[in-house]
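Welcome! Please keep the sequence and the 3D view open as you read.

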Amino acid sequence: MRTAYSVETVRTAERELMDRLPEGVLMQRAAAGLAAACADLLRRRGRVYGARVVLLVGSGDNGGDALYAGARLARRGAGVSAVLLAAGRAHAGGLAALVGAGGRVVDDPFDVLAAADLVLDGITGIGGRGGLRPDAVPVARAARGSDAVVVAVDLPSGVEADSGEVVGEALRADATVTFGTYKPAHLIDPAREYAGAVRLVDIGLGSVLPSVPELEALQHADVARLLPVPTGESDKYRRGVVGVVAGSARYPGAAVLAVAGALHGGAGAVRYVGPAGDAVIARFPEVLIHAGPPAKAGRVQAWVVGPGLGDEPGVSDVLASDVPVLIDADGLRGLDADAVRSRTAPTLLTPHAGEAAALLRVPREEVESARLTAVRELAARYGATVLLKGSTTLVASPDTSLPVRVNPTGTPWLATAGSGDVLSGLTGSLLAAGLAARDAGAVGAYLHGLSARGAARGAPVSAEDVAAGVRGAWRDVAAETGSGGGG
């Protein structure tokens, strides 16, 4: 599992670790890892010896890391030039090390940037706020406009470390080398887009960081441990029966896709309630069809309500049930927060940015630029687990002691009509199998992301492809990790 910690937590851990170590050791560890990563990138471009490296150096320890790393590269034969964006406030020890190793300080950054093979962005560190300063903007633009590979030191300058927001101008990196632990901006868009490929350098912080991070991203082994794999004693109820209230005369396909997600996601049985029964049974004869209302459809262990529902009834009925409920799409329109908060069984909301904006009564752009803030606010306001879909899918619990989960498997190819309906059915099947709402949301998003793997081969992906891919993704996660089940 990948974990990320806030700036305050990282700084507290660094202070505790520095108290145990000789002066300067922590910065030297960071610089050594940074220099090694840069050398790897330079070798891929041809060579380290004779390569042209430019350091963009700010006033903080971030700039010191860049200077010490530059000194190491200079000792390996690279031509290293430093551009001091805070003259007189550069890290003294790092500057002396660079000059002593044969590096140089330049007054005019533009000529060296035009010829650079690699640019090291050490302008601002994890404490930066509000985008780049005006005097740094032309230099950052010149770096990005060159043919050099741009490597960010700890975090791209100009992004917000704790929220993943980009307020103002920032320097987009091809790669980021971070130290000790990931920061939220490495995992959450839009900042994640600026970070490029992220490499984590171990500097010994693991022993002093708290056990509960700010964010966590599940990986294959974590998902495999949660997968509800059937046993010899399983029947359809032990595997989970999910009820789906979806579709309308206008949108019958939403019902079909939500049911497909539930079936491919391992549900023991699916009960469908709604006006699209003929379309559903034509595709999936094993589905149990009922005209409604949901309370009379028979036993279920979780409900999914909303995809393609239009103005059809159903939301209030499933909210009145005593089983977990997933609410998506049309089910979120005008959702009564008090009705959700009063439930004793878990509730999982799965909005995209536009739906989240409507629930929060803010512009969509505000949600997209501050996803972490939005998902936490929704979870608190509705007393529900919230899966916020988007370029970074986040899952937040109303229990603020639990880390927000970030899905690492998303792809832009999932931005296709009906894909979200599949996710709803898939995640509902996991709720019915007994997973907690937070686990069901995280595992569902993970498998949903893997289901579009055909896009990696350049093939467009439709919602039907996503539905078909869910079963293979589920199977592959279990097989690749030797999972025996769980949940």
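Two strands count as paired if DSSP finds at least two bridges between them. Helices (H or I, at least four residues) and strands (E, at least two) are DSSP runs, numbered from the N terminus.

The model is predicted: local features need pLDDT of at least 70, side-chain atom pairs count only at pLDDT 80 or more, and totals for chains, interfaces and linings use all residues. Residues are numbered from 1 along each chain as its sequence is written, and side-chain values use heavy atoms, with hydrogens and water left out.

**Exercise 1. Find the partners of strand S5 (residues 118-122) and describe its surroundings.**

Step 1: Look at the pairing. S5 pairs with S6 in the parallel sense over four bridges, and strand S2 (residues 52-57) also pairs with S5 in the parallel sense, over five bridges.

Step 2: Pick out Asp121. This residue of S5 is the bridge partner of Leu56, and in S6 the bridge partner of Asp121 is Ala152.

Step 3: Follow the chain. S5, helix H6 (residues 137-145) and S6 form a right-handed β-α-β unit. Right-handed means that, with the strands pointing away from the viewer, the path from the first strand over the helix to the second runs clockwise.

Step 4: Check both sides. In a regular strand the side chains alternate between the two faces of the sheet. In S5, Leu118, Leu120 and Gly122 point one way, Val119 and Asp121 point the other way, and all are buried. Buried means under 20% relative accessible area, exposed means over 50%, and partly exposed is in between (1.4 Å probe, protein chains only). Because five of the five residues are buried, S5 is largely enclosed by the rest of the structure.

**Exercise 2. Is Ala161 buried or exposed, and what does it touch?**

Step 1: Locate it. Ala161 lies in the loop between strand S6 (149-153) and strand S7 (175-179).

Step 2: Read its accessibility. Ala161 is buried, with a relative accessible area of 0%.

Step 3: List its contacts (heavy atoms within 4.5 Å). Not counting residues up to four places away in sequence, Ala161 touches Val7, Ile126, Leu155, Lys183, Pro184 and Ala185.

**Exercise 3. Which residues are joined by salt bridges?**

Step 1: Apply the rule. A salt bridge is a side-chain nitrogen of Lys or Arg within 4 Å of a carboxyl oxygen of Asp or Glu. By this rule the count is 21.

Step 2: Visit helix H2 (residues 25-45), where Asp40 and Arg43 are three residues apart, about one turn of the helix. Their closest N and O atoms are 2.3 Å apart. Asp40 is partly exposed at 23% relative accessible area, and Arg43 is also partly exposed, at 43%.

Step 3: Go to helix H17. Arg381 and Glu377 are four residues apart there, and the closest N and O atoms of their salt bridge are 3.1 Å apart. An α-helix has 3.6 residues a turn, so residues three or four places apart point the same way.

Step 4: Finish with a network. Salt bridges link Glu216, Arg405, Arg438 and Asp439.

**Exercise 4. How covered is helix H15 (residues 353-360)?**

Step 1: Count. Six of its eight residues are buried; they are Ala353, Glu355, Ala356, Ala357, Leu359 and Leu360.

Step 2: See what covers them. The cover includes helix H16 (364-369), helix H17 (371-382) and strand S16 (385-388).

Step 3: Step past the end. H15 is followed by Arg361, whose phi is positive, near 60°.
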